[in-house]
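Q: Before I open the model, I would like to learn how to read its backbone, strands and helices. Could we go through them feature by feature?

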Amino acid sequence: MSAERVNVAIVGGGLMGREIAAAIQRWPALIDHPVRPRLTAVCDINPAALDWFDEIDTVVTKTTDYADILADDSIDVVYVAVRHDLHEKIYRDVIASGKSLLAEKPFGIDGAAAQAVLAEMAAHPESFVRCSSEMPFFPGAQLAIDYVRSGALGTIIEARNSFLHSSDLDLSKPVNWKRQKQFCGEAGVLNDLGMHTWHVPLRLGWAPESVYAVLQDLVPERPGPDGTLVPCDTWENAVLHSRARHEGVQFPLTTETKRIAPGQKNTWEFEAIGLDGGVRFSTKNPKSVEVFAVVDVPGGGREQVWQQIDVGSQSVWPTVTGPIFESGFSDSILQMWAAFLAERHGSLGDRFGAARPEEAALTHDIYRAALQSHEEGRAVTL
Ligand SMILES: NC(=O)c1ccc[n+]([C@@H]2O[C@H](COP(=O)([O-])OP(=O)(O)OC[C@H]3O[C@@H](n4cnc5c(N)ncnc54)[C@H](O)[C@@H]3O)[C@@H](O)[C@H]2O)c1
């Protein structure tokens, strides 16, 4: 059976727009995928940002006005990667056009924006919508998720999910829109990176019942365009202690979402520990997943051990890549798109899918509770 052809447009040709364009070029690496996407159009208000897309010979439309994309009947799917304050309007316009949308996180600048997008979806059910969150598509993350779902933890003790950056340790790094509340949103780093720390907990059914948050604004000013210091008024780090429930048992769930975690470059970490077993994975060492067990050691006694597994390259959708080879960030983006387009096609089955709009909207409820918790110095019930 031949694959369904899907024409994709990108709105926002910046860091993520280019990353997604490159990932789609690697599509033939996927084995027997039911969809064959082609990037045919790109929009950016900055004409210079469009030049890079000349590298991709399937692109036939370059425009500075996304209305041109929405008016083009040949386009099926739109990926939008723009500033958070622009999410609501552009997402709603895409959905109202009937095209499918892969939206970037945080899915609106705040909870009200996310709810407005959900309302637009309800009015246009023909538009298939998901939110971008690629880290769970690392093979090691998938193994950790499957381990938890297998019931191997037994009675849960605790779980932790972290997403850690560090380049903001450099105080001379210029301010940008992600570090200004009016563009990034009041939740700061949670808006910027929090989908990464919440996608897996929410998919595992660990929606928090209450949140106690400690937020830090470590760098109040940064150099502006002319070098003069200007306000950098977003939270840099957020540690949330939540009560969640796994198989009916309440447990402490800790999420750390940090722009200043010295030494960490885009490190995503997941750990879940129970009375019977445990699992942990970090993208710092992407080949390795650790599982906990009590085992008989030959020549020794019965011991508690963390065992290490090399996971190889295979994730949600099989690829031609040798299974013993390593996986990386761009592989996780390709896998997220494979899951997104397979789910849109109705062929994902029970495989792990891209973040759902209701999960993204729920993150905003969590962030609002976190802001209130920090402000009032107490746990906030959700
Ligand atoms: N999933 C991830 O790992 C990940 C990583 C980084 C950023 N993001 C998210 O992606 C989104 C964009 O971030 P980025 O780092 O790519 O930003 P960026 O600043 O690098 O790029 C944004 C682009 O949007 C363009 N733009 C602005 N207004 C526009 C409009 N009205 N129409 C068309 N283009 C417009 C800008 O000119 C710019 O080129 C944000 O929501 C961010 O949170 C996700």
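Q: Where does phenylalanine 107 lie, and what is its phi?

A: In general, most residues other than glycine have a negative phi, and most peptide bonds are trans. Phenylalanine 107 lies in the loop between β5 and α5. Its phi is positive, about 65 degrees, although the residue is not a glycine. Helices and strands here are DSSP runs (helices H or I, at least four residues; strands E, at least two), numbered from the N terminus. The model is predicted: local features need pLDDT of at least 70, side-chain atom pairs count only at pLDDT 80 or more, and totals for chains, interfaces and linings use all residues. Residues are numbered from 1 along each chain as its sequence is written.

Q: Is phenylalanine 107 buried or exposed?

A: A residue counts as buried if 20 or more other C-beta atoms lie within 10 Å of its own, exposed if 12 or fewer, and partly exposed in between, with C-beta atoms placed from the backbone. Phenylalanine 107 has 32 other C-beta atoms within 10 Å and is therefore buried.

Q: Which peptide bond in that loop is cis?

A: The bond that joins lysine 105 and proline 106 is cis, with omega about 10 degrees. Proline 106 is in the loop between β5 (100-103) and α5 (111-123).

Q: What is the phi of asparagine 266, and where is this residue?

A: Asparagine 266, a residue other than glycine, has a positive phi near 60 degrees. Its place is the loop between β12 (249-258) and β13 (267-274). Asparagine 266 counts as partly exposed because it has 15 C-beta neighbours inside 10 Å.

Q: Which strands pair with β5, and in what sense?

A: Two strands pair if DSSP finds at least two bridges between them. Strand β4 (residues 77-80) pairs with β5 in the parallel sense over four bridges, and valine 80 stands opposite alanine 103 in β5. The chain goes from β4 through helix α4 (residues 84-96) to β5 in a right-handed β-α-β crossover. Right-handed is defined thus: with the strands pointing away from the viewer, the path from the first strand over the helix to the second runs clockwise. On β5 there are also three bridges to strand β6 (residues 129-131), again parallel, with leucine 101 opposite valine 129 in β6. β5, α5 and β6 form a right-handed β-α-β unit.

Q: Which residues cover the faces of β5?

A: Ser100 and Leu102 are on one side of β5, Leu101 and Ala103 on the other, and all are buried.

Q: What is the strand order in the open sheet of nine strands?

A: The order is β16-β15-β14-β13-β7-β12-β11-β8-β17, and the pairing is mixed. β16 (302-310) and β17 (380-381) are at the edges, each with a single partner strand, so one side of each has no neighbour in the sheet.

Q: Which pairs in this sheet are parallel or antiparallel?

A: Among them, strand β7 (residues 156-164) runs parallel to β12, joined by six bridges, and serine 162 stands opposite glutamate 256 in β12. Strand β8 (residues 210-216) and β11 are antiparallel, with seven bridges, and alanine 213 is opposite leucine 240 in β11. β11 and β12 are also antiparallel, with 10 bridges; arginine 243 has proline 252 in β12 as its bridge partner. The β11 and β12 hairpin has two residues between the strands, and glutamate 247 in this hairpin takes a positive phi near 50 degrees.

Q: At what angle do helix α1 and helix α9 pack?

A: Axes are lines fitted to C-alpha atoms, for helices over the stretch in contact, and angles run from 0 to 180 degrees between N-to-C directions. Helix α1 (residues 15-25) and helix α9 (residues 329-345) pack at about 75 degrees, with axes 9 Å apart. That makes α1 roughly perpendicular to α9; angles under 35 degrees count as roughly parallel, over 145 as roughly antiparallel, 65 to 115 as roughly perpendicular and the rest as oblique.

Q: Which residues of α1 and α9 meet?

A: Residues are in contact if their C-beta atoms, placed from the backbone, lie within 7 Å. Glu19, Ile20, Ala22, Ala23 and Ile24 in α1 meet Ser330, Ile333, Leu334 and Trp337 in α9.

Conventions. Two residues are in contact if their C-beta atoms, placed from the backbone, lie within 7 Å.
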